Amino acid sequence: MGFLIRLVITAIALWVTTLIVPGVHVTGRNGANSALTLLAVALIFGVVNAVLKPVIKVFGCVFYLLTLGLFALVVNALLFLLTDWIARGLHLPFRVDGFWAAFWGAIVMAVVSWLISVAVPDRLEER
C-alpha cells in the first residue's frame, strides 16, 4: 500500500510541476490519458531515483561535500532529464525542455512531494 501511495504522491507532484514550471509538459489526448501518463512517468522517476541516486551519491560524495550539497540540485535535474529520455523512448507524451526546466522541475517536484507526504501518511494505521 505504501508503494501505491508514494506513486500517487509523485504523480500529483509531477502534475503540479507541469502547471508551474514552463518547459515541463504532459500532452495527453484527454484527462485520463494524461493521468495515466503522469502515473507512468512517476513510476519511471521513482525507479530512476531508487536505482541511480544512491550510486551517484557514493561516487559523487566529494562533489556533494565541496559544494555543500548544491551538487544534489544538478544531480536531481539530470535524473529528471533521464526520466524524460526514458519516457520519450517509451513514447509517452511527457517532455522536459532542457536543463533549466529540469532543474526547476526537480526542485518543484521535491517540494510538492514533501508537502504532500507531510499531509498523507505512508501507511494506514491498523486498528
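Helices here are DSSP runs of H or I at least four residues long, numbered from the N terminus. Keep that in mind as you work through this predicted model.

**Exercise 1.** Find which helix gives the most to the nonpolar surface patch.

*Solution.* Start with the members: Phe3, Leu4, Leu43, Val47, Val51 and Leu52 make up the patch, and together they have about 540 Å² of accessible area. Helix 2 comes out ahead, giving 4 residues.

**Exercise 2.** Decide whether phenylalanine 3 is buried or exposed.

*Solution.* First place the residue: phenylalanine 3 sits in helix 1. Then recall that exposed means over 50% relative accessible area. Phenylalanine 3 has 54% relative accessibility, so it counts as exposed.

**Exercise 3.** Describe the length of helix 2, and locate its kink.

*Solution.* Begin with the span: the 29 residues of helix 2 reach 41 Å from first C-alpha to last, close to the expected 42 Å. Now follow the axis: at leucine 52 there is a kink of about 35 degrees, shortly before proline 54. Leucine 52 is also a member of the nonpolar patch.

**Exercise 4.** Compare helix 2 with the UniProt annotation, then list some of its buried residues.

*Solution.* The unreviewed UniProt entry places a "transmembrane region" at residues 7-26, 32-52, 64-87 and 99-120. Take residues 32-52: this stretch is 100% helix and 0% strand, with its end C-alpha atoms 30 Å apart. Finally, the buried residues of helix 2 include Asn33, Thr37, Val41, Phe45 and Asn49.

Conventions: Residues numbered from 1 in each chain as written. Predicted model: local features only at pLDDT ≥ 70, side-chain atom pairs only at ≥ 80, totals over all residues. Heavy atoms only, no water. UniProt positions renumbered as here; feature names shortened; annotations may be inferred. Helix = DSSP H or I, 4+ residues; strand = E, 2+ residues; numbered from the N terminus. Patch = residues over 30% accessible without salt bridge, like charges linked within 9 Å, V, L, I, M, F, W, Y side chains within 5 Å. Areas by Shrake-Rupley, 256 points an atom, 1.4 Å probe, with all protein chains shown as cover. Salt bridge = Lys/Arg side-chain N within 4 Å of Asp/Glu carboxyl O. Buried < 20%, exposed > 50% of the residue type's maximum accessible area, 1.4 Å probe, protein only. Expected span 1.5 Å × (residues − 1). Bend = angle between axes of the 7 residues up to and from the residue.
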